[in-house]
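I opened this notebook to record what I looked up in the model, starting with the whole chain and ending with particular side chains.

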Amino acid sequence: MASYWRQRVGSDLPGSVRRAAIATGVVERRSDSSIVTEAALEHLPATVQRYLQFMQVVGRRRDHSFAGSFVGRFRRRPDQRWMPFEAWQYSSSDPIMRIFHMRLTTPYVVPLVAQDSYVTGRGAMHGSLGGILTVANGAGPAFDAGELVTYLDDAILVAPGLLLGRAQWSSRSPDAFDVALTDHGLTVRATVVVDRRGAPLDFATSDRSLALAGGPVRTRWSTPVSGWSEVGGRPFTSGASAIWDLPDGPFVYVEGRFEPSSMRFDVDPLTWTGTARGGVARADEPAGSDSGSRR
């Protein structure tokens with residue numbers, strides 16, 4: 001009972017993500033655990049190859065999943081004050097799945113708890129105050145597309161190995177490429193802008209919908225990156241924003257970053273504890289190990 005209420009009020013985010021992933025009954029398949037080589041990427045556009053080289057995909061086993069925390073601040077409207085948040089998530093590639101739970105510190109006594117998911121082709125979101133009073137609830141085609149394109153964004157910025165063999169890549173310019181991802185008959189698309197190193201600068205799509213009073217409305221959505229650093233042999237964003245392009249101008253509603261010390265790659269929800277700190281590793285490597293670095 002205690003763990004149930006901790007999940008309801010968001011005081012055990014990694015535990016609630018782990019339990020939610022297990023509760024789906026979806027079993028992740030890992031059919032390809034080989035090292036990614038340059039030769040395996042030769043068929044891709046040059047800009048995409050440069051990006052994958054920067055993300056240090058080459059020389060590493062393909063990532064099939066990742067889990068970790070994302071921290072920052074959030075607001076629901078341009079005139080609303082920022083609220084600090086902590087989020088934990090789990091994403092897998094085969095099948096495509098994303099579980100994301102967030103706890104926001106509100107001006108009220110109780111926190112706002114948000115739970116997003118994409119499982120077996122269906123997206124959903126639910127928000128509540130203190131796990132009791134529902135303040136947001138959504139499902140349907142707009143949420144299916146929104147959650148899938150958010151999965152795509154996370155993979156581009158954290159673990160592009162999840163997309164190898166699944167995404168369709170095409171060149172837009174020497175400094176940008178288009179990427180499309182299809183799952184359960186649904187296809188979402190985005191454009192990724194990179195610098196001369198191949199580091200992503202921005203991710204933009206028109207396949208997400210903004211929830212308005214009259215219902216979801218497709219709106220351009222982007223996640224520009226403020227910078228990159230390397231931790232444990234992997235590149236991580238030093239900060240990113242989420243922006244809706246509104247008629248009155250861009251609305252920045254999220255500013256945050258993934259915490260490298262929390263990140264684990266190729267994790268199994270049945271064994272992942274979600275409490276590790278101190279380094280970046282695959283699930284079978286100790287925290288702080290550099291065995292996942294580029295060879």
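The entries below go from the fold to the cavity and then to the salt bridges.

**Overall.** I was working with a predicted model, and I noted 4 helices and 18 strands in the protein chain. Of its 295 residues, 54% count as buried, and the accessible surface comes to about 13300 Å², of which 54% belongs to carbon and sulfur atoms. I then looked up contacts between residues at least 6 apart in sequence, and found that 51% of them join residues at least 24 apart.

Of the 14 residues lining it, the closest to its centre are Met55, Arg60, Asp63, Pro160 and Arg234. By class, I recorded 7 nonpolar, 2 polar and 5 charged residues in this lining.

**Salt bridges.** I counted 15 salt bridges and looked into several of them. Arg73 and Glu255 pair at 2.8 Å, N to O, and this pair links strand β1 to strand β16 across 182 residues of sequence. Arg73 is partly exposed at 35% relative accessible area, and Glu255 is partly exposed at 30%.

For the bridge between Arg19 and Asp12, I noted 3.3 Å, N to O; Arg19 is partly exposed at 30%, whereas Asp12 is buried at 15% because the cut-off for buried is under 20% relative accessible area. Last, I noted that Asp94, Arg166 and Asp183 are linked in a network of salt bridges.

Key:
Residues numbered from 1 in each chain as written. Predicted model: local features only at pLDDT ≥ 70, side-chain atom pairs only at ≥ 80, totals over all residues. Heavy atoms only, no water. Helix = DSSP H or I, 4+ residues; strand = E, 2+ residues; numbered from the N terminus. Buried < 20%, exposed > 50% of the residue type's maximum accessible area, 1.4 Å probe, protein only. Contact = heavy atoms within 4.5 Å. Areas by Shrake-Rupley, 256 points an atom, 1.4 Å probe, with all protein chains shown as cover. 1 Å grid on protein atoms, 1.4 Å probe; cavity = no way out; pocket = protein on both sides within 12 Å on 5 of 7 lines; lining within 4 Å. Nonpolar A, V, L, I, M, F, W, Y, C, P; charged D, E, K, R; others polar. Salt bridge = Lys/Arg side-chain N within 4 Å of Asp/Glu carboxyl O.
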